[in-house]
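Please have the sequence and the 3D view open side by side.

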Amino acid sequence: MHELDSVMATVDVFDTVTVTARADKKINVSFVGSHDIDAVNNTAYRAAHLVMQCADIPGVDIVIDKGIPIGAGLGGSSADGAAVLRALDVFYRLPNLGVDMRKIALEVGSDVPFMLTGGIARVKGLGEDLFFMEKKLNLFAVGLMTSSVSTAEAYKKFDELCGEGLLASDNDKLCERILSGDNGAIEFFGNALTEPASALCDGIADSIDRLKALGAVPCLTGSGGMVLGWYTNIEDVAKAASTLSAEKTPFRIFTTAKTGILHEWISR
């Protein structure tokens with residue numbers, strides 16, 4: 001495990017996670033489309049399994065429609081685990097059953113406690129220390145991705161490169177700018193996993209250079225392999241998108257969102 005000091009923000013891309021209660025104790029996880037994901041060794045299954053170890057509740061069928069790119073570093077797996085936890089809480093009011101949702105979220109993954117709420121927060125420790133901040137900035141990003149990066153391999157490479165010397169951001173100053181609503185916050189974006197991830201994926205460095213040329217502040221997201229080029233003005237995003245479209249370069253546009261999980265209850 002690695003100690004974190006990250007500033008995390010929700011953006012407007014999502015997976016759709018459908019959770020249906022069963023009459024028995026089975027947990028079934030399936031993915032829409034041909035996603036090469038283990039139906040047991042994933043965060044959605046782990047979240048449901050950990051809750052069932054703490055509370056006498058039925059099993060569930062979980063269907064995940066991936067909208068968050070796999071291997072991009074955008075936290076899709078963590079989001080799925082958080083969605084299952086939230087769904088089970090909606091069903092059964094887990095704290096009333098003695099379930100410590102924060103503890104289970106941490107067991108599922110370091111990003112999951114943040115994902116339960118979303119928004120923007122500084123996350124430290126192993127993911128348990130969260131300081132949420134009001135969303136005062138509307139930030140936009142253009143995302144470029146050539147291939148995926150394994151999170152485990154990125155951290156392994158970080159250790160090989162003596163990661164202590166790779167810290168790439170001043171999160172104290174970054175949070176000061178965010179709290180004051182200063183658009184200059186993006187100038188403090190950085191990611192200590194950039195060099196390790198770039199060593200695993202040649203396209204990351206190219207994406208960073210391309211986004212700089214488009215006037216963006218580039219920053220690897222998570223452990224990669226997507227690089228987000230950040231802007232404070234939607235017109236600048238439109239210009240970048242027009243250029244990339246003319247070049248036939250695949251890209252995605254993101255904006256920051258105020259909250260994380262949105263749920264809809266369907267009774268039957």
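What follows looks at aromatic pairs and then at one strand and its neighbour. Keep in mind that this is a predicted model.

A pair of aromatic rings is described by the distance of the centres and the angle of the planes. Searching the whole structure turns up three aromatic pairs. One of them joins Phe114 and Phe132, with ring centres 6.2 Å apart and 15 degrees between the planes, a stacked arrangement. Because Phe114 sits in helix α4 (residues 112–117) and Phe132 in strand β6 (residues 129–132), this pair ties together parts that are 18 residues apart in sequence. Phe114 has 3% relative accessibility and so counts as buried, while Phe132, at 36%, counts as partly exposed.

Now turn to Phe189 and Trp230. Their ring centres are 5.4 Å apart and their planes stand at 90 degrees, so this pair is edge-to-face. Here too the pair links distant parts of the chain, 41 residues apart: Phe189 is in the loop between α6 (171–180) and α7 (194–200), and Trp230 belongs to strand β9 (residues 226–231). With a relative accessibility of 9%, Trp230 counts as buried.

Finally, find strand β3, residues 27–31. In a regular strand the side chains alternate between the two faces of the sheet. In β3, Ile27, Val29 and Phe31 make up the covered face, whereas Asn28 and Ser30 are on the uncovered one. Which strand do five bridges join to β3? The partner is β4 (residues 60–65), and the two run parallel. Asn28 of the uncovered face stands opposite Asp61 in β4.

Methods
Residues numbered from 1 in each chain as written. Predicted model: local features only at pLDDT ≥ 70, side-chain atom pairs only at ≥ 80, totals over all residues. Heavy atoms only, no water. Phe/Tyr/Trp six-rings, centres within 6.5 Å; stacked < 30°, edge-to-face > 60°. Helix = DSSP H or I, 4+ residues; strand = E, 2+ residues; numbered from the N terminus. Buried < 20%, exposed > 50% of the residue type's maximum accessible area, 1.4 Å probe, protein only. Pairing = 2+ DSSP bridges.
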